[in-house]
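Hi,

Here is the structure I promised to pass on.

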Amino acid sequence: MEIDEPQPPEKKDPFAALRYREFRSYIGMRFFFTFAYQMQAVVIGFHIYHLTKDPLALGLIGLCEAVPALSIALYGGYVADKSEKRGLLLKIFLAVFLCSTIMLVSTLEQMHPYISVSYIVPIMYAMVFCIGLARGFFGPATFSLMGHIIPKKHYPNGSTWSSSSWQMASILGPATGGLVYGFFGITVTYVLILIFIFFALVCIFFLKKYYPHYIPKESIFKSVSVGLNFVFTNKMMLAAMALDLFSVFFGGAVALLPVFANDILKVGSEGLGFMRAAASSGAILTMLAMTRFSPMNRPWRNLIIAIVGFGTSIICYGLSKSFYLTLFLLFCEGAFDSVSVIIRQTIMQLLTPDEMRGRVSAVNSMFIGSSNEIGALESGLMAKLMGTVPAVVFGGSVTIFIAATTWFKT
């Protein structure tokens, strides 16, 4: 009788997903686009606050992007499932490139004789609205694309690298945007933004032209309702989305960073860039660690702990009067948030059938993506009513309360 020798455990490859060429192109596309998007977010926020001196105006930026993104999200998921992915992404990026070009032109000093300063803020809001429409298609398109370019066994590793590339761009984008804006002005900053959007466009051409896609046999309303029903009947996916929704909604204090940089800490646009980068630095370092040490051993417990840590960091950042302490607290906030992102994205990738990825991602964007912008509106409105510091402390406290309630309920 032969006895089988025990096989050694398979060694985990932290670079498994990166060994696929198309995944590297996908990562490059996300990185360059996110870099440009985050630069633009810093420039728009600081520029509008400079013109208006009103924290509510910062919240309205989020509203202008969230309303179209929410309105188009379900249709965007349907289109992403049934469309050729590369062509759809090209159209999205070209639309964003055009909006950014209009922003550049409207802020040129040479245009001031033709465009009154009082019109610049409405133009900015209008372009943010159009970018929100494009974003309603971008999220479902990229999520459904990732499911076709790496094997399913590498989804957790792919989700980690995908989120890490996003966070890396979120580190460099705000820091670069704040520093370039502070030292060279808004025109140079917008030119750099357009260059990085162009780089993202180039990466798209290294993707395959055709991927398997869903051919609808029913009406759009029936197709969308199938996607909604799938999410709302999957308890694990729904609970993770809902928990992240409320924590991000009440923890949207990042939108008030221009107020802290300009009025409380007195560090200007350069300091704002470092503050935005601090949160993303914590996220990227944590995510890189998670390529080796996955948080999926006890995902629900880890998710609750991460959200409590996220809320605590927000409270402390709101009370801080020291620039360097604020940077550390924002670093911690990003680190805790990254754990939540990895757990939720891995759950979605593993539980979603290939033919429903676009529609499920659309529902996720309604839960999570736009909650950032609606959360920015909530923070701006509360800052207008309560003051900036009380608004941040209130948001962090509600986040902890929601996480604690969820823990006892589940």
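When I say that residues meet, I mean that they have heavy atoms within 4.5 Å of each other. Keep in mind that this is a predicted model.

With that in hand, start with helix α9 (residues 257-264) and α14, which pack at an angle of about 145° with their axes 11 Å apart. The crossing of α9 past α14 is left-handed. On the α9 side, Val 259, Phe 260 and Ile 264 meet Thr 388, Val 389 and Val 392 of α14. Sorted by class, that contact has 5 nonpolar residues, 1 polar and no charged.

Helix α14 itself covers residues 388-409, and its 22 residues reach 32 Å from first C-alpha to last, close to the 32 Å expected at 1.5 Å a residue. Thr 388, Val 389 and Val 392 turn up again among the buried residues of α14, a list that also includes Gly 395 and Gly 396.

Another pair to look at is helix α3 (residues 85-107) with helix α6 (residues 186-204): they pack at about 170°, and their axes are 10 Å apart. That angle makes α3 roughly antiparallel to α6. Among the residues that meet are Phe 93 and Phe 97 in α3, and Tyr 190 and Phe 198 in α6. The contact of α3 with α6 has 18 nonpolar, 4 polar and 1 charged residues.

Finally, helix α1 (residues 21-52): 24 of its 32 residues are buried, so α1 is largely enclosed by the rest of the structure.

Cheers

Conventions: Residues numbered from 1 in each chain as written. Predicted model: local features only at pLDDT ≥ 70, side-chain atom pairs only at ≥ 80, totals over all residues. Heavy atoms only, no water. Axes fitted to C-alpha atoms, helices over the stretch in contact; angles between N-to-C directions. Helix = DSSP H or I, 4+ residues; strand = E, 2+ residues; numbered from the N terminus. Parallel < 35°, antiparallel > 145°, perpendicular 65-115°, else oblique. Nonpolar A, V, L, I, M, F, W, Y, C, P; charged D, E, K, R; others polar. Buried < 20%, exposed > 50% of the residue type's maximum accessible area, 1.4 Å probe, protein only. Expected span 1.5 Å × (residues − 1). Left-handed = near helix turned anticlockwise from the far one by under 90°.
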